[in-house]
Amino acid sequence: MIDRAAVLAALNGVADPKSGRGLADAGLVQGLVVAEDRAGFVLEVAPADAPIYAPVREAAEAALKALPGMQRVSVILT
């Protein structure tokens, strides 16, 4: 089973382009769900900021997929 703390640590390894902090520390990880072999969350940003966060969404997905045992990842940019 995937550990919630490991998921948050992985997400903190992805920098928020506006604050420079990790995604979790910056408060951008909303509605995090961690189950056996999957994790997902909503990356909620201002509509004007959506273009600069598209690569951040991809980086967050890659960081989560790199965790041992992770099979499915869903990061929704809204």
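Predicted model: local features only at pLDDT ≥ 70, side-chain atom pairs only at ≥ 80, totals over all residues.
Beyond the residues up to four places away in sequence, Leu11 touches Gly22, Leu23, Ala24, Val29, Phe41, Ala60 and Leu64. Two of these partners, Ala60 and Leu64, come back when we look at how the helices pack: they belong to the H2 side of the contact between H1 and H2.

**The helix pair**

Two packed helices are described by the angle between their axes and the distance between the axes. Here, helix H1 and helix H2 (residues 50-65) pack at an angle of about 140 degrees, and their axes are 9 Å apart. Angles over 145 degrees would count as roughly antiparallel, so H1 and H2 are oblique to each other. The crossing in which H1 passes H2 is right-handed. On the H1 side the contact is made by Val7, Ala10 and Leu11, and on the H2 side by Ala60, Ala63 and Leu64. Sorted by class, this contact of H1 with H2 has 6 nonpolar residues, with no polar and no charged ones.

**The nonpolar core**

The largest nonpolar core has 22 residues, and those that touch the most other members are Val7, Leu11, Leu23, Phe41, Leu43 and Leu64. Two or more residues of this core come from each of H1, strand E1 (29-34), strand E2 (38-43), H2 and strand E3 (72-77). The element that gives the most to this core is H2, with 5 residues. Val7, Leu11 and Leu64 also take part in the contact between H1 and H2.

Where does Ala60 sit? Ala60 is in helix H2, and because its relative accessible area is 0%, Ala60 is buried. Leaving out residues up to four places away in sequence, Ala60 touches Leu11, Val14, Leu23, Phe41 and Val75.

Val14 is found in the loop between H1 and E1. Is Val14 buried or exposed? With 8% relative accessibility, Val14 counts as buried, since the cut-off for buried is under 20%. Neighbours within four places aside, Val14 is in contact with Arg21, Gly22, Leu23, Val56, Ala59, Ala60 and Ala63. Ala60 and Ala63 also belong to the H2 side of the helix contact.

Ala35 has its place in the loop between E1 and E2. Which residues does Ala35 contact, apart from its neighbours within four places in sequence? They are Met1 and Ile2.

Ala5 lies in helix H1 (residues 4-12). The relative accessible area of Ala5 is 47%, so Ala5 is partly exposed.

**Separation along the chain and in space**

For each of these residues, here is a partner with its separation in sequence and the distance between C-alpha atoms.

| Pair | Separation in sequence | C-alpha to C-alpha distance |
|---|---|---|
| Ala5 and Val34 | 29 residues | 9.9 Å |
| Ala35 and Pro17 | 18 residues | 28 Å |
| Ala60 and Val29 | 31 residues | 10 Å |
| Val14 and Pro51 | 37 residues | 16 Å |

Ala60 and Val29, for example, are 31 residues apart along the chain, with their C-alpha atoms separated by 10 Å. For Ala35 and Pro17, 18 residues apart in sequence, the C-alpha to C-alpha distance is 28 Å. Both Val29 and Ala60 are among the residues that Leu11 touches, which brings us back to where we began.

Notes:
Residues numbered from 1 in each chain as written. Heavy atoms only, no water. Helix = DSSP H or I, 4+ residues; strand = E, 2+ residues; numbered from the N terminus. Buried < 20%, exposed > 50% of the residue type's maximum accessible area, 1.4 Å probe, protein only. Axes fitted to C-alpha atoms, helices over the stretch in contact; angles between N-to-C directions. Parallel < 35°, antiparallel > 145°, perpendicular 65-115°, else oblique. Left-handed = near helix turned anticlockwise from the far one by under 90°. Contact = heavy atoms within 4.5 Å. Nonpolar A, V, L, I, M, F, W, Y, C, P; charged D, E, K, R; others polar. Core = buried A, V, L, I, M, F, W, Y, C linked by side-chain atoms within 4.5 Å.
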